[in-house]
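Here are my notes on the model, point by point. Please read them with the structure open.

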Amino acid sequence: MERKEEYLFLREEIMKNNSAAESYRNVMYTVTIALLTIAFSQKEPLLFLLPLCIILPAYKIIIDKLLGMCRIAAYLIVFLEGKDFQWETNLYHYDKLFSKGKASIDAYLYYGITACCSLLAMIRIDFSKMLDAANLFRMAVIVITTILCFVIIRKLDIRYLQAKEKYIDGWKKVKEAKASGQNGSF
């Protein structure tokens, strides 16, 4: 495959990953709204936590898509960009200057949705029977679930620029190994 064709093919892969991430995000919003609509029609407060079963897997998939985009972009920078193609290199330098190490996607969105679901669940608890064992159990489930979700979101969160730098360094090692004839032995 010619260098320009490979470059264009990989840029297309980046665009597909970006589209997939957007699609997963849209599905997450749609399913979350549908589940919250169902929860509003029921009396059980814990139903408001159901969207978390969609939010966290969607977040993981989106992060994986973004990491795939980083890996391909780093490959383009190391192996294919030169005087003719500079988009990824220029974007990388732009991000270094202006991103200030921001997360790849706004994790605050996922924290916010989680907090909203948890808050809605808490609001639906019958506080006139606050010391009732069932209500205490519900409150404990809500608090523990919220904390666990926040921890998971934090663990999955990536710093886009740092991820790209890691992949650039990795691809440079592969390039150096190929140049020295070590093909695959690192």
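1. Helix 2 and helix 3 are roughly perpendicular to each other (a label for angles of 65 to 115 degrees). Helix 2 (residues 52-80) and helix 3 (residues 87-98) pack at about 115°, with their axes 8 Å apart. The axes are lines fitted to C-alpha atoms over the stretch in contact, and angles run from 0 to 180 degrees between N-to-C directions. Helices are DSSP runs (H or I, at least four residues), numbered from the N terminus.

2. This is a predicted model, in which local features need pLDDT of at least 70 and side-chain atom pairs count only at pLDDT 80 or more, while totals for chains, interfaces and linings use all residues. Residues are numbered from 1 along each chain as its sequence is written, and side-chain values use heavy atoms, without hydrogens and water.

3. Glutamate 22 and arginine 25 form a salt bridge with an N to O distance of 2.7 Å (the rule: a side-chain nitrogen of Lys or Arg within 4 Å of a carboxyl oxygen of Asp or Glu). They sit three residues apart in helix 1 (residues 3-40), so about one helical turn separates them. Arginine 25 is buried at 12% relative accessibility, whereas glutamate 22 is partly exposed at 37% (buried is under 20%, exposed over 50%, partly exposed in between; 1.4 Å probe, protein chains only).

4. Arginine 138 and glutamate 44 also form a salt bridge, at 2.8 Å, N to O. This pair links distant parts of the chain, 94 residues apart: arginine 138 is in helix 5, and glutamate 44 is in the loop between helix 1 and helix 2. Glutamate 44 is partly exposed at 27%.

Technical notes: Helix = DSSP H or I, 4+ residues; strand = E, 2+ residues; numbered from the N terminus. Parallel < 35°, antiparallel > 145°, perpendicular 65-115°, else oblique.
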